[in-house]
Structure formats: structure tokens, C-alpha cells
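Thanks for coming. I will go through a few local features of one chain and keep it brief.

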Amino acid sequence: MSETPTAPPTIKSLRILPPFAIARLGSGAPLDSYRVEVDEERPLDFRTIVPDTTFVVDERTGAITSSFVPDSITFREEVGDGTFHIRKVAPFLELWAVAEAPTGDELVPVTLSLLDDHGWTPEDLRWTVEVANRKVQRRTGLDADAVTAHVREISDHGPHELVGTSASFVPGGTIPFGSVRYLRPTDEFPEIRFRFTPADGLIYGSDVEEQDPDLRDWEAKHLAGRPYAVPKDKVKDRATDTWYHWWIPVDAEGSEDPWSGRDFQDETLPASLFAIVPPAPPWLHDNVAVSRGYFDDACDGIVEVTLGGLTAAARITAGPPALVPDALFVRSLADDLEQVIDGPEVDPLEPPDVTLARAEEIVRRAFETVRFMNVAVMNGEPVQGRPPLSLDTMPAEEAFDTDRLMRPVMAEGTVDTLSVMALHQQVYAALRGGAAPWFVRLLRSPLATGDFTDDGRRRMPALMCGADGNYLALTYRQIDTIDRVSREAGRRPAAGSVAPSLTPRNRTAQMHHVAVGSPFSSSPAAAIANCCPGLEVDFRAVWRRVLEGITLREYDNLVLDVDPAVTPIDLRGHRLLAVGGVSTVSRMLSPSPADLAAGVVLRSNDNPEGVVSLEWSNAFAEVLSTQQGTTVQCTFTSDAVWEDRVWWEREDAADPHRADAAIQVELKVRTFFDGDSAFISRALAEPGELTQGLCSPWQNDFRECSCYYWASARPDFVNVETTAGGRSEGDNWLQKERTGTYVPDDYLDDRLVLYDDLMGEWERWLRFQVGGRDADSSREDL
Amino acid sequence: MPGALEASAAEAAASSVREQLLADLAILAEIEHSLMVQYLYAAYSLDVAITVGNFPQAGEWQQQLLTVAREEMGHLMTVQNARRLVGAEPTFHREQFPYDNPFYPFPMAFEPLTREVTAKYVWAEMDPRLDQPPRPANEPPGEADWQLLRQQVYEEAKASVGQRHTPGHVATLFEAVFDLLADPALTDATWFDPTTFGKQASWDAWGKGLRPHPLDSELDHPDQPPHVIVEQMGTRTEALAGLRLIAAQGEAPHFQQPRPPLASHFDRFFRVYYEISRPRVHERLAAVMSRLPTNPTTVRGVADTTYIEHPGSRRLAALSDLRYHLLLVNLGHALRTGASEDPIVRRTNGYLLQRSFADMFNVKTLACELFRAPLKIDSTADGPMAGPPFGLTGSPDLPASDRACWQLQRKLNLASKALCEQLLTATGIEAPPASALPYLRTLRQLDVQDDERISAILAGLPPDGVDE
């Protein structure tokens, strides 16, 4: 008796997982897969790097021929003659389907059999990829300077090069961004997979030859090409007949001034994102910043697939390697994405074990971050007799930004890396013991990033910088996670991390999904985001068009552009003061000798109202959580205020003297993700826009931003040991020779890796850290 | 030489006054210390009320008690500064002086929070002359009701301390100290060493993450988090001001007029007392708290204590006592290194500060674990629970030399590691509750790290006799 064939489940939609994959540049072969785990017996150790299933891809056929689990992970290889190849991270993307099932929709991998069940073949899939590098465009403001690459509607299994071209390039000039490949599914490996293999991490220049012989020689040796055709009107004829390329606008006194030219210059933050003709950095040299006109081969973009009328998309980006693979930053890209997905507050129905596990993970990442910071130096204390203002630290930045004398954050002499790390570890221990963490009140409020009172500056996370250029705060969601645990004293401790289940509606799980074959470093959890600007992506950029009809600047509340079809009022130059009643600005506070607890508004000539713009990710959290897709009342300055920051608070609306200062406009909040997926809507960021605020070339991010921004992603203090005095000693990560004595950061000290070293030989100088120490110079075997 | 005899008598009298001042400051330090740990015990006991007793409002009570305990830490440091100012070393004893001296408000007892226990705390922290109702309660009593309430508080406090004792007010001691300090005829100006100012505990170092004392900006309220006062002092005037400040925040608000902007400890306790006194609340609370011990101990057969019979819980309690001892050693050692003029000694001060804060975490974590651990071998899940003994298993006095201090640190640290090992490898009734294991594994590793660090510090110290 033959059985009636069962109808295959209906495919309702498709997903590409992960929806955000991070590739990492390198000239070596793709890195083998690994995951990271916490050793429960030795919970304070660095995370264990566990080799994982790695695919062998037949270059000729595009099929996976076998898989294996490597014995160890080699991140960097010496290929002789002092040359190193860092192994690039080439992430896989998996195609999944939302299938109807009797118990509700299920998320299932798309396989040969599933295709067959629906009468499809692998060739019915169409993949389209678009990536771009808009770093120079962001700097110059010229659309022609965007470098873009397309691969359209491929269904074969060969490699497709992502060839970057630009209207500004010389004829035939290109920048290779790597390649993509639709892997051939086989009976043995029947899943549908796609792969992005990033470029080698090369630097490209312009068709104008440098006049300086040293620089000319350097370029001859290190530039991979000269595709950029210098616009004739940009070749300046000054004494040296050199080319000024793009520049930081300065006034006659040498101060940065966006109006120093005829038109408003939409400055970047930080301003010096580009490689300049020596001497660098510009702020130590009268703000003279003559660009060398370099491009890199980093990019970001979108992968789309269609099948039988269904579509799915994912974002990809190519950035620097994850140099500390066994530690994670305290606020990662995943934290910011989770806040968008799940809101700024923890679901009251979330099981306490899950909340506690997440709280533990946050605290764990806090001590993983601290251990790579020379805390005493970052605290703003003198080092080897040098005045602390000469060192690049957050308290020094604060002093420069606020025009006031520098003070250490913590009491001088009381903080030290190993001590502070141990205290963080003790908090972690207490959490694991189920003790309510009283430290929630020690966390910095996202509204108080400009609170420079002693109390404010000592809040956690301390000594690091956030996307608004002020002291870093966690996401509201992270804070609420810890707060919730603190409110639930006496509950049972969690038994380790709780992995979210992969379901159609669980976008958090989809975001965290690491495709089989991909290293963990391809995950948003391994990327920093809320920074100024960032490493893998500049996540500030994703908020620029979150309100339909206007484009905001990524780092403050200035409206740069409007869509007249949506917004009849020309809001260009206006400042967005509040969204749905939630303020986008806060006050800088300074300690008052009369009252240490309260503080006074900190005003300066540059910032007479003492205003800080709050970082978008937290500022928009509440609105995103409740009002996506709906209109919301937005408060703007009534006039264009291009330069100054403007103070506003909700009470001003009722103040007859202030009421005219602001206007109200209804704008629609865009949906952040497409449909039910975790794909960041294309309307928020075109290919190239998520990396456009990063350094060009990206190596500058490791040099300009010194030591303190994201210590577990860009280490500061390595090979740390206890000295006889009980204090921590170690090397500056960027010091060339490891001596065990920390070399204070100095842009001119040739004991440290300098700009040209880094741009020319980054694979040699960016040394991987495993277990807090330099991994072996030739093989980072684990 | 008739004058010589008079001078000698005057010297003897001055010496006696000085001894009295030192003794009073020592008692004050002991009281601040003992109140702090008793309040901590009571605060942590409320975990049971929250989780088992279905008392959601107990979270608020717990916060009030913890706030008071944290502020008491600042008071203790300020008193230590006063001692340093007049030439005495800090002390971390609790009951070195006999309890029948007139200043102790009540005999030390570690008790779960009940209405009667709260009444005892209210009475201890009350202005003896308070004749108007306190301000913080949601429904403040009228003046006539207040007199009745005050009598009720006294009677319940009296019931709590037992027939042999009479509940007292901490303010009595403050008044005695102020009488001495404020009178130049009694206390010689030369007793106050202004050079100790920079050697004293500072808010900068000890007020981490807590709010400093507001000078004039805000009227405080019991909902507010703690304001930790750590006052340094170099003169008689500053000593009086500093001690008045903590007196006003805590036990004797009448010392600051008009009424202080800070929510006093009395305000906070009274608020809790008022809440607990609501109909049916205190009976239910007492029933839940009856599962928790009074004066738990690891030593069998001591009067007025509760022996922790369960071997796993007892060993956990021993670890708790050890960490408490380490906390006191760390506090003393941190204050000593902070006051040292020897750069070799002083360089470890930051580490000792962090160690002190770390052991505050440990004491808290172990207290929470113990309130979830069984008291008896056959304790059922809803049976009697253990608790943290807060026992002093060794003297809090430090050895003379810095090296000896570090050797003591190392010894205690290794003892902690060994206890962790024992607990982690124990099975059956010898084992601690499974919920404690992740913490114990982490603590063990912290102890290993600390041992490495302390060994390095010891290696860098000159041998005893050289650094003395």
C-alpha cells in the first residue's frame, strides 16, 4: 500500500544567517573556525579558544569537499624574511527558511532536499552583492569619491571578484575588495552557503607623486596601486608644489573651523581620520593636516538572495583582525543590536537565570577589557615624570575638550591594572555567588556621559570613550540587566551562559548565530560599535536616517539634509533636541568646590551652554522600542545652528522665554530591521555607509585613537606581570621591542610603532594577544 | 618645689584625660564597627524574606539597612582619622571594652530583622531628646501618637536586648567625646597633629562610587543612596566638625542644627520600623525570620549562640569568618600603608584598597550563601538555615612590620584557598550547597592570583629590621 506523499511545509520567507557578518582583512589564507568558551573550573582565565568545524573548499568547483577540526588555530604566519601574513576571516552565510509547521513556524536550513521538495534547484537562487568604501567620500563630501563594487544575480559557484571602481579613479583604476562565492551544495554538504572573502588589507594612493623623497620612496614600496585621479582644482600650488588633497578646515589662528572655506565643511569626528603628510598627528602640529590621499580595501555592503519570489538579505563588512581573540569588549556591536531588537529594558518575563547569565557576561567582559589597559596611565597620572597632559588619555581628552586643567579620575596612586582587574573579578565572583550586585549605582548613566565631577567620572565603565566622544556608558539594556539582577537578590546563580534558541521570531539568536565554518570573530559579539568611530563598523552611521525625511550627522544632533518630499520645513542646520520628548542633549558638569556632590554646568568659549550631544544608540533606544514605523514628535531648534550646541530641556516648552527656541515637527521613525528579520534596513545605511566614518586607511584607527578606547579590541597594556612592588608592569602593545617596561604613548617616539610602520607593515606590527601575552611571533598556536 | 607637685598633678590629670579621649574614640570605633556588621547581618537576612517569605517590600528595607551600613563604614573611617589625629593607630576591634560601660547602646547580637530588632536599632540611633515625630514615614504620626510610639519603640528595644540590659543611645558617647574635644582646658592643642591630615583615610580613596557628603545642595531623603562621609582632620576644630558630621548623619542628628539635609540613620530605621509595624506584617516577618539563627557560630557549646551543625555549611561559615578577618586586616593594612612615609610601604596602598573592597564583596557573597545553606544535617528545604557568624577568628591587630603584615596576608590568603579546595572537593554532607560552587571556584582562582602578587610584594620588601 503506497503512502500518500506529504506536502512539503510552506516556505514563508527566507533568512540569511547571520544577518551581520564581519570579515577581517589579511593576506593569509582564510582562518580556521573556532569558538570561545569559559572554563568553568578556572573562570577567571582568558576564554578558551576551541578549534571548530572548518570546511575545505575546492577552488575549482566551489564545493565543500570535507570538513575537519584543526588541532590549533594559527592567526598569523611568518612566511620568511620577516614577512607576516595574517589569516583573513572569510565568513560563511547560511540560507535558512521560515517554514510552516503544525506547532508554529520553524527556522530550518535550506538544503538540497528542501529545494527539491519545492521543485527548486540550486541554480534557481540568485545572489547579488553590493559593497562600497565611502571613507574618502565622507571626508570630501563628493559623491564621485565613493568606491563601489557590484556582483549581480549570480547562481554559479565560481568566485566573483568585488572590483571597486570610482568616478574619481584614473581609467582602469580599481580597488579589489575581495570576492564572493555561492558554494556548490553537495550530497555530503547539502546546505546552501555563501562566502565573503575579504581583501588583503592593502593601501592605495593617488596619481600625484609626492614631492618629499622619503615619502615618495615609502609609497613606491607600500602602495598597492594609484587609482585615484586627483581633481585638478584640488592640486594646490604652495611653496612645495605639493597636493593638499582633503584637509581639516582651520581658521587663521589654526583652530578647526568648518566655515573657514566658502561652504560648510561637514567635519568628521575625530577630524583626523586620514593619513597625512608627516608630521602627524595634526593637533600637535598646528592643525596642519595635508592628506596623503590614501584609500584602503575595507568595505561594507549587502548580500541579497532571491528564490521563487522570496528574498533575504544580510550585511557584510570587512575590517581589521580581531587581535585579542580570547577576550571581548564590554560593549560590543551585539549589545547595541540587542538593544534595538529587545528594547532598552529587560523583559519582565525573562527567566532570572537568563538575565543573570547575561549580567555575568557583561561583568566578565568588563574585566577582560580592564586587563588590557594600563589603568594607572589611563587614570591621568604622570608617567616617568612626564606630565599626564602629554599622554593620550581620556582625562587628557576631557581637559582639552573642556578647556580646563587636567585631573586624574581616581585618587592618584590608588589604581593599578591588576588591582582594578581583580576587583572586577571579585564582582564577577559575587555575581556567580548569587549576591545582588550593588554596583548598579556605580554604572554611568547614558545621560551623564558629560558629568565630569569626581563622582561622574568614576562611574563604570571608566577611562574609555563612547560614541559621543565622552566617557563610555553601557547600553540601557546592559544597565537594566544588571539592575534587574540587583533587584532580585537571593535568586539562584546561573549555570553558565544560556544560548538563545534559533527560531523565526528570535532575532537576537539570529544575530548571534555563527555559521558553521566561520570563526567566532565574524560575530557582532566580537566587534566594537559604540565608539568614536570604531573598528569594524562606525555604528553611529546607522542612526543618520532613522527619522524619515532628515539626515543627521553621525556624531551630533545637526541636521545635514532633508527630503523636501517628506519634510516641508527646511531643517538643514537645525539641531534635533528631543525625540518623543526624550532629550538628545545633556549637560557637561564640573565639580563645584562648594558642593562635590552636585556639580555645576561646565561652560567654555567653544561650548557656552555646556552641552553634549548624546550618542544615538542610547538616545534613540526608547523611541526605537515603542514607536518604530509610527510618527513621533521631534523637537528642533527654531533656527539653523550649524556650529554651536544648544541646550534644551522638556521644561523649556512651558517657559515663555524659551518656547520660541524650538519647533515641533512630526517625523516617522523608520523600522530598523526589514520585516521580521534581523537585517538592518537598507533605508538606514547604503553599502559603504557603515564604515564611512572610520579611518582611511583603517590602520590610523590603531594609531590615532591611542590606547584607551576599546582595550580588549585594541590592546594597550600587554605581557603584564606583578613587579616586586606589587604593581603591574608590562609592555605598550605598540612598542616595537618588548622590554617589560611600558613606553608611554608618543606619536614621535620611534620605540613605538608609528604611522608609516603601521600602514606599511601592519601584519608585522599588529601582534595577536593570547592569554594576555604576545602570541608566538611565527605561529599563534594555542 | 611646690609648683612641681602641682605640675605633676596637672600632667597626671592631662594624661588621664588623654587616655579617656583615646578610650572614648576606641569605643566609638568599636561601636561603629559592631553596628555596621550587625546591620549587615540583618540586611542580608532579608534575602529570605524576599525570596521565601513573599515580602517584596523587604527589598526596600534591605536597601535602607545596607545604606546605613555603608555610611557606618564612612563613620568608622572618620573615627579612625580622629584617632590618627591624636596619635593613636586605627583599631578594628569590636568589644575590647566591657559591655557594662555606659556607652554601648546594646550588647552585640547577630539577629535576623524583626520588629523588635528594628526597634533596638531605632532606639540606638535616636536623639535622646527627640520630642517631635520623625519626618520620613509615609504616614508620619502626629505628636501625641509619637509619644506613644516612642514608648513602644523603647519597650520593644528593651525586650530585644534582654532583662540584664537597658537599651541606650549612641549619641551619649558622641556627647562625651565632644565635651572633651571642645574644651581647650581639657584637651591640649598639642595633642592634635596636623601633619597626620594627609595620612588619614580620604573620601577620594574610600568613597568609591558612593556619593560624597552634600554641603548645601539638596535635602536628602531616605530613598537616596548612601552619602559616605570620610572626613580628614588636622585640627581640633576639624575633628569636632568631622565627628559632628557623622554624628548628625547617624546617631545624633541633634548635633547639627537646623535639621541636617541628610537622611539620618534614625530616619531610615524608623521608616523600616514603621513599615514592619503594620498589621500582620511583623507577625508574618517574624515567622519567616524564625528560620534564621541568632548568633550563628562554628563553635559548639557557646552560650547564646546557634551552632551550625551541617558540616558543609559550617565550613562555608568558617570561610566567611576567614574573609571577614582578611577584610579587617586589609582595612588596617591599607590605612597603615596610606599613612606611611616609606615609599616602599606606601606603593602597595592602592592594591590594599582594592583588596579591602574585594573582601567586602566576599563577606557579602558568603553571607548570602549562608542564609541559603542548611543549619542542620537533616534540615529540609524549608527548615532552619545557617547564617554568617561574623566571628573574629583572629586578632584584627596588625603585626609591627610591613613584611609581617604581608606574611599574615599571605597566610590568611592561603588558608582561604585551602578552604575553597576542601569545599570544592567535599562530597555528601561535607559539601556546601551546589549554588556556592561557581563562586568558590572563582574565589579559589582569585586567591591563587593574590598569592602570586603577595609573594612578589614580599620579594620586594627589605628583610625585617631593615625597613623598621
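Where is A:Pro461 placed? This is a predicted model, and in it A:Pro461 sits in the loop of chain A between helix H9 (454-457) and helix H10 (476-487). The bond from A:Met460 into that proline is a cis peptide, with omega about 0°. The loop between H9 and H10 also holds A:Leu463. A:Leu463 is not a glycine, yet has a positive phi of about 70°. With a relative accessible area of 4%, A:Leu463 is buried, since buried means under 20%.

Another cis peptide bond runs from A:Leu17 to A:Pro18, with omega near -5°. A:Pro18 belongs to the loop that links strand E1 (11-17) and strand E2 (20-24) of chain A.

A:Asp81 is in the loop between strand E7 (76-78) and strand E8 (84-86) of chain A. Its relative accessibility is 79%, so A:Asp81 counts as exposed.

Next, a sheet. Four strands of chain A form an open sheet in the order E24-E23-E29-E30, paired antiparallel. E24 (582-583) and E30 (662-668) are the edge strands; each has a single partner, so one side of each has no neighbour in the sheet. E23 (residues 576-579) pairs with E24 through two bridges, and A:Ala578 stands opposite A:Ser583 of E24.

Last, the surface. A patch of negative charge gathers A:Asp401, A:Asp403, A:Asp606, A:Glu643 and A:Asp644. Of these, A:Asp401 is in helix H7 (residues 394-402) and is partly exposed, at 41% relative accessibility.

How values were computed. Residues numbered from 1 in each chain as written. Chains lettered and ligands numbered in written order. Predicted model: local features only at pLDDT ≥ 70, side-chain atom pairs only at ≥ 80, totals over all residues. Heavy atoms only, no water. Patch = residues over 30% accessible without salt bridge, like charges linked within 9 Å, V, L, I, M, F, W, Y side chains within 5 Å. Areas by Shrake-Rupley, 256 points an atom, 1.4 Å probe, with all protein chains shown as cover. Salt bridge = Lys/Arg side-chain N within 4 Å of Asp/Glu carboxyl O. Lys, Arg positive; Asp, Glu negative; His and termini not counted. Charge placed at Lys NZ, Arg CZ, Asp CG, Glu CD. Buried < 20%, exposed > 50% of the residue type's maximum accessible area, 1.4 Å probe, protein only. Pairing = 2+ DSSP bridges.
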